[in-house]
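Please read these notes with the model open.

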Number of protein chains: 4
Amino acid sequence: MAISKKAYKAELHTLQIALVESQARLIAQGRKVLILFEGRDTAGKDGSIKRVTEYMAPRHTRVISLPKPSDRELSQWYFQRYVAHLPAAGEIVIFNRSWYNRAGVEVVMGFSSLEEQSDFIRDVPAFEAMLTEAGIVPIKIWLDISKEEQARRLEARVEDPLKHFKTSPLDGEAQKRWHAYTEARDSMLLRSHSTHAPWLIVATDNKKQARLNVMRHLVERLAVRNLSVDTRAIDPDIAFMFEPEALIDGRMAR
Amino acid sequence: MAISKKAYKAELHTLQIALVESQARLIAQGRKVLILFEGRDTAGKDGSIKRVTEYMAPRHTRVISLPKPSDRELSQWYFQRYVAHLPAAGEIVIFNRSWYNRAGVEVVMGFSSLEEQSDFIRDVPAFEAMLTEAGIVPIKIWLDISKEEQARRLEARVEDPLKHFKTSPLDGEAQKRWHAYTEARDSMLLRSHSTHAPWLIVATDNKKQARLNVMRHLVERLAVRNLSVDTRAIDPDIAFMFEPEALIDGRMAR
Amino acid sequence: MAISKKAYKAELHTLQIALVESQARLIAQGRKVLILFEGRDTAGKDGSIKRVTEYMAPRHTRVISLPKPSDRELSQWYFQRYVAHLPAAGEIVIFNRSWYNRAGVEVVMGFSSLEEQSDFIRDVPAFEAMLTEAGIVPIKIWLDISKEEQARRLEARVEDPLKHFKTSPLDGEAQKRWHAYTEARDSMLLRSHSTHAPWLIVATDNKKQARLNVMRHLVERLAVRNLSVDTRAIDPDIAFMFEPEALIDGRMAR
Amino acid sequence: MAISKKAYKAELHTLQIALVESQARLIAQGRKVLILFEGRDTAGKDGSIKRVTEYMAPRHTRVISLPKPSDRELSQWYFQRYVAHLPAAGEIVIFNRSWYNRAGVEVVMGFSSLEEQSDFIRDVPAFEAMLTEAGIVPIKIWLDISKEEQARRLEARVEDPLKHFKTSPLDGEAQKRWHAYTEARDSMLLRSHSTHAPWLIVATDNKKQARLNVMRHLVERLAVRNLSVDTRAIDPDIAFMFEPEALIDGRMAR
């Protein structure tokens with residue numbers, strides 16, 4: 001499963017070219033793509049998004065990472081502030097964390113009421129179904145990290161002055177409340193996975209393999225047909241469509 | 001059914017006071033209200049909205065009348081540009097024409113595809129249910145005008161220089177396509193009326209009675225309890241909650 | 001100087017028609033108009049704006065009444081939140097209170113620092129000059145009320161339940177700090193009056209005359225040529241272009 | 001002047017740490033920073049911005065690259081769409097191309113009228129002076145490339161599939177109209193350089209040296225005092241504050 005730096009760079013290069021080609025077609029066809037990156041702290045959302053978007057068309061690509069909602073926003077319909085950023089024709093919108101906050105950190109930390117959380121998980125399938133019917137292609141990616149690897153990364157983060165702005169007061173909770181986060185993840189995946197808006201799970205302890213598999217998946221999903229990439233190369237131990245068994249058969253971190 | 005100018009002014013005054021009192025409470029309680037005004041051309045949407053909002057709290061009341069969508073907006077999720085204006089805590093938002101355009105003028109004039117129209121009417125109940133669950137109180141009002149009265153008003157509009165900006169190139173179609181509009185209305189009401197987001201029908205040939213009954217209904221819906229107004233005064237020949245029979249028993253214009 | 005209700009209504013009607021005609025031309029020519037209404041509390045800003053805009057083209061007219069700035073806005077360039085609303089081609093934008101807050105209520109109540117107030121009054125002529133060069137027609141209107149009339153209106157406001165949302169915690173200060181407001185007004189007019197962006201002063205104790213004269217002035221300024229209205233009708237005792245002498249010769253309230 | 005890859009990476013790392021430290025202080029102090037990157041096509045704006053922002057605080061840093069203006073925007077005050085993005089307290093805003101478009105590409109390609117261009121160059125000093133008075137720190141950077149190096153990069157761009165979205169229909173004009181662009185640049189620098197909003201010129205044929213010098217300059221400008229970086233290291237052959245002589249003494253590309 002290890003991959004040499006050279007082989008990684010070569011394949012990353014090939015995949016980025018394939019993404020550029022795919023996006024050129026998406027733009028020409030006026031298709032709308034919505035990519036959500038979710039996962040525990042340090043699971044690699046920022047790094048994956050950086051590689052995915054590096055060569056994309058700047059005027060047709062937006063990465064959305066919403067700040068803490070204002071009091072006024074907190075009182076609005078929960079999806080309202082996200083809806084403002086949904087893709088128009090020819091656009092790829094990437095959410096770095098998304099409406100699934102309400103089923104993750106908010107559940108674990110108690111940042112919203114039980115009723116708000118129930119409303120969310122009940123409504124999210126219907127909401128995503130509407131977007132799908134409107135021609136938006138949803139790609140939901142869960143980056144799955146193990147407890148040990150997260151501990152290593154959190155520690156490294158504290159020591160690296162370049163990661164100053166990545167640290168947060170909540171970092172300490174990620175390990176302490178590991179099991180609560182696991183339970184929230186399981187419940188979220190089980191209740192929001194659907195045929196039209198499925199979850200892709202990507203094991204992320206091996207960063208390079210994780211990034212390559214995320215990109216292979218995107219190329220497969222975005223390309224009508226792409227001759228330059230063999231998407232059969234997706235490693236099923238690293239990346240797979242969610243299914244309930246994965247929660248108990250050792251494929252996902254516990 | 002006729003009402004003297006003096007009696008009209010007196011009751012309008014009482015009702016406007018009741019609305020002011022109701023809104024003060026809504027603001028204090030942080031409630032969210034969404035009022036949609038729909039109806040054929042000249043049915044009296046602008047005039048009703050003017051009386052309703054005249055004394056309302058300017059910073060907690062918004063009247064939304066969206067312009068023709070841009071090409072970019074046309075390619076987005078249909079509800080997206082409306083969602084941006086949904087009420088936050090303590091706000092009353094009034095849509096002067098709303099997402100129901102897709103079930104009315106767009107159907108009659110062919111401004112959108114049959115598939116888009118089907119998507120809309122299928123999704124609107126689920127969409128409105130979500131808003132209701134989020135604590136938004138939806139009040140949907142259909143102003144119902146007769147063919148003869150519309151003809152009179154369209155004519156008067158052309159002759160009145162103050163109504164210059166009310167005329168539109170579509171005015172000619174309102175009478176010509178009367179029956180197509182009737183069918184679209186019937187279909188829309190039947191398919192989007194629900195317990196949590198019902199339609200109020202208001203016969204509008206008599207402008208004064210229409211306005212008073214709209215306001216009585218609003219006071220009734222908005223007030224927790226309002227001692228100064230007897231909402232039993234709503235005239236059931238003028239204003240009533242929609243029910244399918246109303247389409248055929250003579251209560252609505254054909 | 002008194003005017004009968006009937007004569008008032010007749011002339012208001014004529015003037016509103018002239019405004020409608022003028023705006024139709026402005027839209028066709030793609031001109032940009034910016035109207036600022038300033039004046040002490042109860043001076044009649046809302047009422048004047050209501051008559052001016054009553055029949056205007058809804059999609060080419062915007063009335064802007066900005067709420068209290070957020071903390072983030074307070075830290076930005078002072079003009080930033082106003083600039084967002086400046087008119088595009090064919091639009092008339094009316095500010096109900098404007099950037100001149102910084103030279104009025106903020107000075108009297110100490111809501112901003114002396115330095116911020118100095119920055120403002122130094123920069124505002126250059127700022128308005130730029131807008132003028134960009135083709136925006138600025139019309140700045142100061143509604144001038146006397147101390148006695150303001151006292152009467154403040155009192156009436158408290159007693160009228162329909163004016164509930166017009167009252168504010170600052171109402172008490174208007175009379176108490178009358179002279180501080182007068183000084184702030186004098187200083188503001190002297191330092192921000194210019195050839196390209198002059199102030200119109202309108203005495204407003206007589207509401208009907210004030211409204212008529214505001215509208216006559218607008219018709220004169222907006223119309224290339226308008227045959228239906230004789231703008232010589234502007235009453236020089238009621239409405240006149242600002243000049244320093246007016247501060248001391250009895251034409252303005254002290 | 002050549003620098004080894006290893007030395008480059010080491011110094012880049014040091015500088016990025018210094019920028020992170022500086023930004024942490026800027027945020028704490030609530031300062032506002034505005035960085036403009038200008039320069040001919042391929043001069044290295046994107047690459048420089050990428051290194052500068054790589055580790056910055058995502059919620060306090062915005063990179064603005066405005067799309068072609070809409071017709072409505074074209075009719076507005078020229079600065080209006082830029083003003084919307086000016087920094088609030090604690091924010092660093094980076095414009096990837098800015099209002100100086102009007103003095104560069106628009107002049108060369110005739111995308112605006114001579115009058116609009118004259119208005120701009122007359123108003124921009126007063127406009128920037130206002131922002132400076134409002135506490136915004138403006139840092140204007142001109143990346144200066146030679147004709148030969150631009151030719152090489154344009155060619156390489158065409159052949160690199162990853163640069164697909166960097167190519168533009170205007171690329172051909174950059175070399176063809178080289179002298180017109182030079183004249184526009186000279187005129188722009190001469191007329192918009194000022195003590196409060198000076199231009200930094202950075203020779204960019206050597207990409208690595210250019211990036212390091214941009215960052216050294218930023219550290220110097222942003223830091224109240226920064227012990228970890230010796231800003232005397234700025235190479236005066238690569239980066240210097242603009243002065244008219246530089247246009248003729250060989251320091252800038254012709």
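1. A:Glu243 has a relative accessible area of 33%, so A:Glu243 is partly exposed. Buried means under 20% relative accessible area, exposed over 50%, and partly exposed lies in between (1.4 Å probe, protein chains only). A:Glu243 forms a salt bridge with A:Arg251, with the closest N and O atoms 2.9 Å apart. A salt bridge here is a side-chain nitrogen of Lys or Arg within 4 Å of a carboxyl oxygen of Asp or Glu. A:Arg251 counts as partly exposed as well, at 29% relative accessibility.

2. On conventions: this is a predicted model, where local features need pLDDT of at least 70, side-chain atom pairs count only at pLDDT 80 or more, and totals for chains, interfaces and linings use all residues. Residues are numbered from 1 along each chain as its sequence is written, chains are lettered from A and ligands numbered from 1 in the order in which they are written, and side-chain values use heavy atoms, with hydrogens and water left out.

3. How many salt bridges does a search of the whole structure find over all chains? The search finds 88.

4. B:Arg185 and B:Asp144 make a salt bridge at 3.0 Å, N to O. This pair links distant parts of the chain, 41 residues apart: B:Arg185 sits in helix H9 (residues 178–192) of chain B, and B:Asp144 in strand E4 (residues 136–144) of chain B. Helices (H or I, at least four residues) and strands (E, at least two) are DSSP runs, numbered from the N terminus. Both B:Arg185 and B:Asp144 are buried.

5. In chain D, the side chains of D:Arg122 and D:Asp119 form a salt bridge at 3.3 Å, N to O. The two are three residues apart in helix H6 (residues 114–133) of chain D, so about one helical turn separates them. D:Arg122 is partly exposed, with a relative accessible area of 41%. D:Asp119 counts as buried, at 15% relative accessibility. Elsewhere, salt bridges that share partners join A:Asp119, A:Arg122, A:Asp123 and B:Glu133 into one network.

6. Which residues gather in a patch of positive charge on the surface? They are A:Lys5, A:Lys9, D:Lys5 and D:Lys9. Helix H1 (5–29) of chain A and helix H1 (5–29) of chain D are the elements that give two or more residues to the positive patch. Patch members have over 30% relative accessible area and no salt bridge; like charges are joined within 9 Å, nonpolar side chains (Val, Leu, Ile, Met, Phe, Trp, Tyr) within 5 Å. A:Lys9 lies in helix H1 of chain A. At 52% relative accessibility, A:Lys9 counts as exposed.

7. Is C:Gln150 buried or exposed? At 0% relative accessibility, C:Gln150 counts as buried. C:Gln150 belongs to helix H7 (residues 147–159) of chain C. C:Gln150 and C:Asp41 are 109 residues apart in sequence, yet 7.6 Å apart in space, C-alpha to C-alpha.

8. B:Ser113 lies in the loop between helix H5 (105–109) and helix H6 (114–133) of chain B. B:Ser113 is partly exposed, with a relative accessible area of 32%.

Conventions. Areas by Shrake-Rupley, 256 points an atom, 1.4 Å probe, with all protein chains shown as cover. Lys, Arg positive; Asp, Glu negative; His and termini not counted. Charge placed at Lys NZ, Arg CZ, Asp CG, Glu CD.
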